[in-house]
Structures are given as structure tokens and as C-alpha cells.
Amino acid sequence: MLAARIITGVIFGTALTGAILFAPSPVTAGVLAVLWLAGVWEWAAFANLPAAGRVGYTILCAAAMALGWSWLGDQGLSVLVVAALAWWILALVLVLRYPRSFSSTFVALAGIVVLLPSWALLVRLHGDAARGAELAFTLLIIVWAADVGAYAFGRLLGRTKLAPAVSPGKTWEGVTGGVVTAGLAAGLAAAWLGLPMSRLVVLGIATALISVLGDLTQSMFKRNVGLKDSGKLLPGHGGVLDRIDSLTAAVPAFIVGLWALNLIG
């Protein structure tokens with residue numbers, strides 16, 4: 001299982017790195033759209049949608065992505081940021097108050113707010129910001145470092161449960177390790193990009209902390225319907241959502257942090 005996890009992670013990470021760093025923005029947007037729509041398909045299972053409903057849900061989200069790609073301006077970007085931040089505040093409350101049951105309608109709507117803004121904001125960062133590709137890759141590195149650090153420290157030192165009702169395997173020790181490794185990754189990225197190291201490290205740590213909420217939120221909705229993994233597409237990992245769940249929360253937080261810390265205009 002560990003070997004499969006490592007091999008899949010390397011292949012997935014290499015492909016995504018190539019798309020982010022070396023592909024033109026329309027190609028990157030398309031690659032990310034495929035991944036996010038795979039996540040939409042998996043999320044439909046959280047809402048207990050039948051096969052026809054899952055197809056319709058995925059088509060609806062794909063149409064929304066296409067419209068967003070064509071029409072998203074600065075005002076629309078601000079709306080997406082506000083909607084995403086409002087959702088993640090609500091998600092934090094829901095995670096803290098779990099267990100409770102969620103209706104299929106609520107879960108389906110939640111999936112739209114989780115997945116579509118994170119895709120659109122990541123695409124916009126990549127295509128429009130100065131050094132957008134490098135900043136988008138920096139976000140990936142921070143989240144990946146947090147995931148690896150949390151996994152390693154959690155396996156070695158994990159004792160204190162983080163949110164046992166939602167995700168029994170996660171520990172505060174793992175979160176601490178993830179935050180440390182994310183901060184180190186942000187420091188290396190700052191040196192690479194020539195950005196103020198202290199500010200990017202602070203942003204990296206904050207992003208890593210918020211990314212945990214994306215993971216916990218997906219775990220909460222999986223547990224609501226008795227699922228262990230979001231899917232089986234990625235050997236050793238589960239589904240696509242099991243790889244991008246942290247990013248769904250990290251993307252809006254990272255972009256807001258870039259603005260707040262004057263790292264982008």
C-alpha cells in the first residue's frame with residue numbers, strides 16, 4: 001500500500017507540476033478542470049445521487065466552469081473569494097459540531113461551493129498574476145509539504161486526536177509536523193522567487209493550517225454516507241478528491257494572503 005501510494009503520488013505530482021509550470025494557461029485550466037470534475041463526480045456520491053443525477057451534477061458544474069472561464073472578471077473574482085471564505089467559516093463550524101446528518105441537497109450545494117471557486121481562483125492566479133505559474137506551484141508545494149509532514153509526523157508521533165468524530169486518524173502532532181514542513185517549503189519558495197521570506201513563511205503556515213479544514217470537511221461528508229475513500233481512481237490514495245481536498249480550502253486562503261501581504265497586486 002505504501003509503495004502504491006508513493007508511486008501514484010510521484011506520477012500525480014509530476015503531471016500536475018508539468019501542467020502548472022510549463023503549460024500555457026488554457027492548457028493548465030483544462031488539466032485542472034479534468035481533475036476538479038473528477039472530484040465533482042466523486043462528490044456526487046457524498047450526496048447519494050443516482051447515476052443519472054451524478055451525470056447531471058457533473059455536467060452542471062462543467063457548464064459553470066466554462067461560463068466562469070469566459071466571463072469571470074474582477075468583480076466576479078471578488079464574489080468567488082467572499083463566497084469561498086464564507087463557506088469555509090461555515091465548514092469549520094460544521095466540523096466542530098459533528099456528528100450530525102446532512103441532506104443530499106445540502107451536500108450537493110456544498111460541493112459546488114467547495115470545488116468551483118477553488119478551481120476558478122487557482123486558474124485565475126495561474127493566468128493573470130505576475131509570476132502566476134510560480135505562485136500556483138508554490139501553493140501546491142506548500143500543501144504537498146503539509147500533507148507529507150502531517151502523514152510522517154502523525155505516523156511517528158501521533159497521540160492526540162485532532163477531530164476523532166470526523167477523522168480518527170488525524171492528530172495534533174501530525175498537524176504540527178505538517179505546519180513545520182509547509183513553513184520550510186514556503187521559505188524555499190521565497191528564496192526561489194525572490195519574495196520576502198518572513199511574509200511567505202507566515203502565509204505558508206496559515207495556508208497549511210487552513211488546508212486541514214479542506215481535508216476534514218471531505219472526511220465529514222464521507223462519514224455522513226459511510227464512505228472510506230472518495231473513489232478508487234488513484235491507487236494508494238483513493239479518489240481524486242482525496243488528493244485535492246486540502247487544496248479546495250487552501251486556494252482561497254492563499255490568494256487572500258497574497259493580497260493582504262502585498263505579495264501580488
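Modeller: Let us begin with P99, which sits in the loop between helix 4 (74–97) and helix 5 (104–128). Helices (H or I, at least four residues) and strands (E, at least two) are runs assigned by DSSP and numbered from the N terminus. The peptide bond that leads from Y98 to P99 is cis, with omega near 15°.

Two notes on reading the model are needed here. The model is predicted, so local features need pLDDT of at least 70 and side-chain atom pairs count only at pLDDT 80 or more, whereas totals for chains, interfaces and linings use all residues. Residues are numbered from 1 along each chain as its sequence is written, and side-chain values use heavy atoms, with hydrogens and water left out.

Another loop, between helix 2 (25–46) and helix 3 (51–71), holds N48. Phi of N48 is near 60°, a positive value in a residue other than glycine. With 55% relative accessibility, N48 counts as exposed; exposed means over 50% relative accessible area, buried under 20%, and partly exposed in between (1.4 Å probe, protein chains only). In the segment after helix 9 (241–260) lies N262, whose phi is likewise positive and near 60°. N262 is exposed, its relative accessible area being 62%.

T217, by contrast, is buried because its relative accessibility is 1%. T217 belongs to helix 8 (residues 197–224). Apart from neighbours within four places in sequence, T217 is in contact (heavy atoms within 4.5 Å) with W87, W88, A91 and V95.

K170 is partly exposed at 23% relative accessibility, while D215 is buried at 17%.

D242 and K222 also meet through their side chains in a salt bridge (3.0 Å, N to O). D242 is in helix 9 and K222 in helix 8, 20 residues apart. Both D242 and K222 are buried.

Finally, R243 and D147 form a salt bridge whose closest N and O atoms are 3.4 Å apart. R243 lies in helix 9 and D147 in helix 6 (residues 132–157), so this pair ties together parts that are 96 residues apart in sequence.

Conventions
A salt bridge is a side-chain nitrogen of Lys or Arg within 4 Å of a carboxyl oxygen of Asp or Glu.
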